[in-house]
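Here is my note on the model you sent. Please read it with the structure open beside you.

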Amino acid sequence: MTMIIIVALFVAVLLIIFWRSVRIVPHSMEDVVERFGKFHRTLSSGFNVVIPGVDQVRERIDRRVQVVSFPPQSAITEDNLAVEVDSAVYIRVVDAYRATYEVANFIQAVEQLTLATLRNVIGGMNLEGTLTSRDQINRELKSVLDEATRDWGIEISRIELKGIEPPSSVQEAMEMQMRADREKRAQLLSAEGEKQSAVLRAEGERTAAVLRAEGAAEAQALTAKADAQAQTTRARGEADSIHMVFKALHTSRVDPDVLAYHYLQKLPEIAQGDANKVWIVPAEMGSALQGLGGAFDRLRSEVVNLP
């Protein structure tokens with residue numbers, strides 16, 4: 001019975017020793033192991049074996065990117081205005097040994113270094129530059145922090161300024177200036193719109209006047225062309241009429257007696273009209289009457305001489 005108890009105790013001690021000698025490290029983690037109080041090695045993720053009572057885990061280091069958010073801090077700009085800066089730093093441990101032994105608390109060290117560097121950078125800029133140059137501030141901060149944390153086994157992945165708040169009085173003044181700028185731009189846009197509208201109206205009126213003038217000129221040209229064609233047609237008709245009359249007279253061999261008779265028939269038409277207040281007998285009327293009288297005498301003698 002005693003032997004069984006001794007064996008059981010021995011097995012239990014072995015199990016305890018085995019359990020304490022096995023070290024399971026999670027993924028993306030590293031354990032810093034010391035042997036007799038001195039750095040021995042780092043345990044990577046997975047299954048590891050240590051010597052109980054000889055090896056001791058000093059620190060477990062997270063190799064993932066860590067986000068360190070700092071409370072808002074006050075900084076003075078170059079033009080002596082206080083601003084509240086809210087920032088966040090993304091860091092990653094690249095060397096577990098240095099992060100453990102070169103700095104007591106690397107997160108607190110990064111925080112203090114970031115705030116000090118941030119005050120220096122903002123102190124060299126005015127308020128407007130601070131509010132509009134976040135990328136420049138981030139680059140300067142990252143450059144200084146990279147140089148300082150290189151010996152700590154820390155890598156600065158990214159720096160973000162979450163907010164820069166100027167004093168309330170400055171905010172009110174900036175809002176008033178923004179409103180004034182917006183009103184000024186609105187007035188300029190309105191004036192520019194009215195100017196363009198006036199220019200367009202003037203161009204439209206000028207174009208309309210030019211088109212009206214061109215239309216009137218074309219209408220006059222067409223009217224003049226139509227009148228010329230009408231006069232040409234009338235003249236051609238009159239010429240054709242005269243030519244036909246002349247041809248008819250030449251063909252029928254009309255004698256002076258007939259011409260005198262027709263001349264007497266046309267005299268009343270010549271005397272018609274409101275403008276004819278005085279009727280002047282043409283000098284040719286006597287010759288026409290004489291010719292007509294001779295014609296009647298010849299006609300009477302021909303009638304008498306009929307058998």
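The points below go from the whole chain to its parts.

1. This is a predicted model, in which local features need pLDDT of at least 70 and side-chain atom pairs count only at pLDDT 80 or more, while totals for chains, interfaces and linings use all residues. Residues are numbered from 1 along each chain as its sequence is written, and side-chain values use heavy atoms, with hydrogens and water left out.

2. The chain has 8 helices and 9 strands; these are DSSP runs numbered from the N terminus, helices being H or I with at least four residues and strands E with at least two. Of its 307 residues, 22% are buried, that is, under 20% relative accessible area with a 1.4 Å probe, protein chains only.

3. Helix H1 covers residues 2–21 and reaches 28 Å from its first C-alpha to its last. H1 is hardly covered, with 1 buried residue among its 20.

4. Strands S7 (residues 73–76) and S8 (residues 82–93) pair in the antiparallel sense over 4 bridges; pairing requires at least two DSSP bridges. They form a hairpin with 5 residues between them, and asparagine 80 in the turn has a positive phi of about 60°.

5. The largest nonpolar core has 30 residues. Such a core is a set of buried Ala, Val, Leu, Ile, Met, Phe, Trp, Tyr and Cys residues joined through side-chain atoms within 4.5 Å. Helix H3 (106–123) is among the elements giving two or more residues to this core, and H3 gives the most, with 6 residues.

6. Valine 110 is one of the residues with the most contacts inside that core. Its neighbours, not counting residues up to four places away in sequence, include Phe70, Trp152 and Ile156; contact means heavy atoms within 4.5 Å.

Definitions and conventions:
Buried < 20%, exposed > 50% of the residue type's maximum accessible area, 1.4 Å probe, protein only. Expected span 1.5 Å × (residues − 1).
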